[in-house]
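Good morning, and thank you for coming.

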Amino acid sequence: MVTDKVTLFRSVANFQQLHEVAGKGGHITIIGGGFLGSELACALGYKTKSTKGSVTKVYPEYGNMAKVLPEYLSRWTTDKVKSEGVDIITHSTVKDVTTTPDGKLKLSFDTGKEVGFIYTFSLVYTL
């Protein structure tokens, strides 16, 4: 079930769940280009280097934190997130989330792109 693999990052318990998932080497997708999502992406990107996991960050803007930062700082923070090993998908919002027969999540974006067979234990949604 999709809701079993989605975490709305709001509490210490959510952090503990996410920490456990990251420790198992899973694929974590962070939706949102704000401050919290950026901090999480960098921290989890660093952590998954040792666990062989991966992190993807998705947001509708052209760059990380583009709603609040000037373009040059948005580019700098985008490069910082990427330097931690995080895959970035820009200009995209999630249109649909489904579960594959093997229990993984599949994300469909408003651009028509689908990330199939995404190895995701948890989906983190940040505002």
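Predicted model: local features only at pLDDT ≥ 70, side-chain atom pairs only at ≥ 80, totals over all residues.

Residues are numbered from 1 along each chain as its sequence is written, and side-chain values use heavy atoms, with hydrogens and water left out.

The chain has a mean pLDDT (the predictor's confidence in each residue, from 0 to 100) of 83, and 87% of its residues reach 70 or more. Helices (H or I, at least four residues) and strands (E, at least two) are DSSP runs, numbered from the N terminus. Confidence is highest in helix α3, residues 71-83, at a mean of 96, and lowest in strand β8, residues 120-125, at 48.

Let us turn to helix α1, residues 12-23. Its buried residues (under 20% relative accessible area, 1.4 Å probe, protein chains only) are N14, L18, V21 and A22. Seen down the axis, they fall within an arc of 95° (taken from the directions from the helix axis to the C-beta atoms), so they line one face of α1. After α1 comes G25, with a positive phi near 85°.

Which residues of α1 meet α2? L18, H19, A22 and G23 do so, and their partners in α2 are L40, L44, K47 and T51.

Helix α2 has 17 residues. Among its buried residues are L40, L44 and T51. Just after α2, K52 takes a positive phi of about 65°.

How values were computed:
Axes fitted to C-alpha atoms, helices over the stretch in contact; angles between N-to-C directions. Contact = heavy atoms within 4.5 Å. Expected span 1.5 Å × (residues − 1). Buried < 20%, exposed > 50% of the residue type's maximum accessible area, 1.4 Å probe, protein only.
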